[in-house]
Amino acid sequence: MALGVYVSRCAGRVDAALDVGDALDGVASRAAVTRVFDDFFDVGVADSIVADVSAHGLDAVVLAGHSEEHYRKSLSASHLIDRIAEAGVNPNRIVAANILEQCALAHPDDRAGATAKARAIIGVAADRAGSGDAVEGESVRPKCSVMVLGASAEAFVAAQRLLRLGYSVVLADREDGCARAGRAQSMHATASYVLGHPAATIVDSSRLVDGDGFLGDYHLVLESPEGTVTYEVGGILLARPDHTEWVEELRRHFRVDVDDSGFARSLDPTMHPAETVDEGIMVMPLRRSDAKESEKVAAADAAAMALVLKLSHDTVVRYRHTSVVDESLCGGCATCVRTCAFGACYIGDDGFSHVDARRCVGCGKCVVSCPVGARDILSSPHDHLMRAVRDLAQVETTSDKVIGFLCGGCGYPAADHAAKTVAERGEGYPSSFLPVRIPCGGRLDTLYVLEAFKAGFDGVCVYRCRDGHCHNRVGNLDMDRRVNLLRTVLRSRNIDDARLRIVDISPFEGDHFVDTLNEVYATIGGLTNGKGGAL
Ligand code: SF4
Ligand code: SF4
């Protein structure tokens, strides 16, 4: 495996707080090429990396700089990953090492600690990139069609834009919203245009009863007085993010982020006002009750444009970061079938478990539930996570050492957000907190916690979505059942179970992240049982 490790100084913010050369040293001997750039988004950087891929035959790449979320979600940043993938590196072997938000910005006054942490994080990312199996890509021609849920004013404006650009639109409402819009004076011309357009399908009094697929190729089943019909669309626009019944029905099949009221929201309203978790599913920003017409139109334009940007390609490639089954181990017990909240597991005629790739979201709950270890997730492999725990335990720190398992839905973004809290308060949390990203709280195997204590950690902290917010529906609750059993095991080994803390958090609660982590350190500091791991 030829590995390339690239570091971004992020316009000076990284090397202001840590020693980049030292951080990179840990992987120098196993990398075919290492380079440091002022910023990954400077002109010519992508070309340099692509040239390296060809010159050094790279088949694994680490991008050390911003958070994983940034590289995957931002249009500009994901372009960098797309270029590297097009050059021949499988996307499952392109891994971000977050040395900006969770090292440099988190520990601006602790150069030695931030450097040691960055070194460890780059090492873990290199292991993940170098050991990851290639994921299969599936090319589809995106369907030039969008389903709009909820007949709001914004829905009609967005539908009109899409129709004018040559898309077909299915506009669905739970009540008689489409019919009412046709009779209303407000936005009458827009509503009439949509309702009378030959490429528009209008479905009042409908429910979303099933759905599967991915960007460019969603299958959605609507039930209405006219019957039950399957629509094939490239994208989805939730035009009523405050309509919790639509939100709940969508969340049974897809990943949509919600707030405390159960309303759908964008993952990052500051950068992508319309985008939620699953690609190609957009949500209209929540509007104030006194919003002006011009604000509604602007929101609708942004949402329609976000979809057009995603769908206006000859092909989109969907990489299958799904669960995989080792048939030589699978006994057909169907535990995974009962565990999967998305109906993505089934027992085939051969007696083995199979995965429906159109429904699997890669949460990893089935991996943890399988009694014989027959399952894994290519983007979050078991062996890599075990090695990550052991490798991070080797980091030398001057204070108690805590490992954090951060779920990709809420915990990890909250840790990124904590960088802002640290800047505002002028104080943060110890650099001896070492993070590991997991796709969902439901992916947390109790073996990782036991391994962490065995390897010498003084504490284990799990940050996961709040109840009702889990992107994978109930992954966080499944974790509770396992952790409650684990506490008994810890106590039986004379480890105070207060060393294990589970924190419910939202993606934007950086302050809660910092506060709870400092509480954890305060608690651990007062404990004697289990210090430095005692298993
Ligand atoms: S839980 Fe494991 S052994 Fe049981 S059916 Fe699923 S993959 Fe097979
Ligand atoms: S990874 Fe999650 S969605 Fe996929 S089969 Fe397993 S439990 Fe179901």
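Predicted model: local features only at pLDDT ≥ 70, side-chain atom pairs only at ≥ 80, totals over all residues.

Mentor: Residues are numbered from 1 along each chain as its sequence is written, and chains are lettered from A and ligands numbered from 1 in the order in which they are written.

Trainee: How is the protein chain divided into domains?
Mentor: Into domain 1 (1–135), domain 2 (145–316), domain 3 (320–377) and domain 4 (380–535), with bounds from an automatic or database domain assignment.

Trainee: Which residues of helix 11 are buried?
Mentor: Lys296, Ala299, Ala300, Ala303, Ala304, Ala306, Leu307, Lys310 and Leu311. Buried means 20 or more other C-beta atoms within 10 Å of the residue's own, exposed 12 or fewer, and partly exposed in between, with C-beta atoms placed from the backbone. Helices (H or I, at least four residues) and strands (E, at least two) are DSSP runs, numbered from the N terminus.

Trainee: And what does the face turned away carry?
Mentor: The exposed residues Ser294 and Leu309.

Trainee: New topic: why does Ala181 count as buried?
Mentor: Because Ala181 has 24 C-beta neighbours inside 10 Å. Ala181 is in helix 8 (residues 177–183).

Trainee: Which residues come nearest to ligand 2?
Mentor: Of the 15 around ligand 2, Ser323, Cys340, Cys360, Cys363 and Cys366; near means a C-beta atom, placed from the backbone, within 6 Å.
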